[in-house]
Amino acid sequence: MRLTDLPRRIAAAVERVDDHIPNDAIARRLRELGFVAGEPVEVLAAGPIGAEPLLVQVGFTRFALRRAEADRVVVRRAAEAAA
């Protein structure tokens, strides 16, 4: 599932960050910021207009991401990751 599809306050883990284009600078930056396989992630809140931006916590750090950026992150719910 994509990070944009993850319900709020549900624990998940990052599976991967997909490149939308070759040498995707946004995907590379997300990986540099800590969106790497196995890292815990959670959507904490969403903005009032169009649910943008998303307030996301990865590890112990919080980020505000546009939906287009969050759509690059593939996650697995914590219950699925344990199975």
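The following dialogue discusses how to read a predicted model of a protein.

User: Which conventions apply to this model?

Analyst: The model is predicted; local features need pLDDT of at least 70 and side-chain atom pairs pLDDT 80 or more, whereas totals for chains, interfaces and linings use all residues. Residues are numbered from 1 along each chain as its sequence is written, and side-chain values use heavy atoms, leaving out hydrogens and water.

User: In what order do the elements of the protein run from the N terminus?

Analyst: Helices (H or I, at least four residues) and strands (E, at least two) are DSSP runs, numbered from the N terminus. Here the order is β-α-β-β-β-α-β-α, with three helices and five strands. The radius of gyration, taken over C-alpha atoms, is 12 Å, close to the 12 Å that the globule rule (2.2 Å times the number of residues to the power 0.38) gives for 83 residues, so the protein is as compact as a globular protein of that length.

User: Which residues touch the most other members of the largest nonpolar core?

Analyst: In soluble globular proteins, nonpolar side chains tend to be buried together. A nonpolar core is a set of buried Ala, Val, Leu, Ile, Met, Phe, Trp, Tyr and Cys residues joined through side-chain atoms within 4.5 Å; buried means under 20% relative accessible area with a 1.4 Å probe, protein chains only. In this core of 18 residues, they are Leu3, Phe35, Val41, Val56, Leu65 and Val73. Among the elements that each supply at least two of its residues are helix H1 (25-32) and strand E2 (40-49).

User: What does Leu65 touch?

Analyst: Contact means heavy atoms within 4.5 Å. Not counting residues up to four places away in sequence, Leu65 touches Leu3, Leu30, Phe35, Pro53, Leu54, Val56 and Ala70.

Technical notes:
Buried < 20%, exposed > 50% of the residue type's maximum accessible area, 1.4 Å probe, protein only.
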